[in-house]
Amino acid sequence: MINDYIVLSFSRRLLDLRQKANLKQREVAEKIGISTVNYSRYEKGVITPTMDIIIPLAKAFDVSPAWLAFGAAGIAEKLLPDERYILD
């Protein structure tokens with residue numbers, strides 16, 4: 001299904017970002033205020049986070065929430081200055 005593809009893509013982007021940042025799941029979970037178990041579930045694609053989780057994750061990795069959530073072509077990966085202002 002298309003939703004399964006989006007979840008897998010999201011979880012893969014999340015895993016890649018964490019590995020590039022050389023962080024443990026626990027460190028990311030603590031940074032955004034969720035349990036390590038829930039973070040692990042997002043990264044494995046078991047559950048899909050809501051925007052109230054995607055936004056702090058995007059801020060933590062300095063990426064666009066839209067890119068993190070959807071990974072669509074044409075959406076900038078890195079946060080733009082206007083996005084930083086809106087998210088803060």
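## The nonpolar core

The largest nonpolar core has 18 residues. Within this core, Tyr39, Leu57, Phe61 and Leu68 have the most contacts. Helix 4 supplies the largest share, with 5 residues. In soluble globular proteins, nonpolar side chains tend to be buried together.

The coordinates are those of a predicted model. Everything below describes that prediction.

## Overall make-up

The protein has 6 helices and 0 strands. Along the sequence, the pattern reads α-α-α-α-α-α. The protein has 88 residues, and 35% of them count as buried.

The accessible surface comes to about 5600 Å². Carbon and sulfur atoms account for 57% of that surface. Now take the contacts between residues at least 6 apart in sequence: 43% of these join residues at least 24 apart.

## Helix 2 against helix 3

How do the axes of helix 2 and helix 3 cross? They come within 8 Å of each other and cross at roughly 110°. Angles of 65 to 115 degrees count as roughly perpendicular, so helix 2 and helix 3 are roughly perpendicular to each other. Their crossing is right-handed.

Both helices give side to this contact through named residues. From helix 2 come Gln25, Arg26, Val28 and Ala29. From helix 3 come Thr36, Tyr39, Ser40 and Glu43.

Ile32 is found in helix 2. Is Ile32 buried or exposed? Its relative accessible area is 15%. Buried means under 20%, so Ile32 is buried.

Which residues does Ile32 touch, leaving out those up to four places away in sequence? They are Ile53, Pro56, Leu57 and Ala60. Ile53 sits 21 residues from Ile32 in sequence. In space, the two are 7.8 Å apart, C-alpha to C-alpha.

## Ala58 in helix 4

Ala58 lies in helix 4. Ala58 is buried, with a relative accessible area of 0%. Along the chain, Ala58 and Ile32 are 26 residues apart. Their C-alpha atoms are separated by 9.9 Å.

## Two loop residues with positive phi

Asn22 lies in the loop between helix 1 and helix 2. Its phi is near 55°, a positive value in a residue other than glycine. Asn22 is exposed: its relative accessible area is 69%, and exposed means over 50%.

Where does Asp62 lie? Asp62 is in the loop between helix 4 and helix 5. Phi of Asp62 is near 60°, again a positive value in a residue other than glycine. With a relative accessible area of 27%, Asp62 is partly exposed.

Technical notes
Residues are numbered from 1 along each chain as its sequence is written. This is a predicted model: local features need pLDDT of at least 70, side-chain atom pairs count only at pLDDT 80 or more; totals for chains, interfaces and linings use all residues. Side-chain values use heavy atoms; hydrogens and water are left out. A nonpolar core is a set of buried Ala, Val, Leu, Ile, Met, Phe, Trp, Tyr and Cys residues joined through side-chain atoms within 4.5 Å. Buried means under 20% relative accessible area, exposed over 50%, partly exposed in between (1.4 Å probe, protein chains only). Helices (H or I, at least four residues) and strands (E, at least two) are DSSP runs, numbered from the N terminus. Contact means heavy atoms within 4.5 Å. Accessible areas come from the Shrake-Rupley method with a 1.4 Å probe; for residues, only the protein chains shown count as cover. Axes are lines fitted to C-alpha atoms, for helices over the stretch in contact, and angles run from 0 to 180 degrees between N-to-C directions. Angles under 35 degrees count as roughly parallel, over 145 as roughly antiparallel, 65 to 115 as roughly perpendicular and the rest as oblique. A crossing is left-handed if the near helix is turned anticlockwise from the far one by less than a right angle, and right-handed if clockwise.
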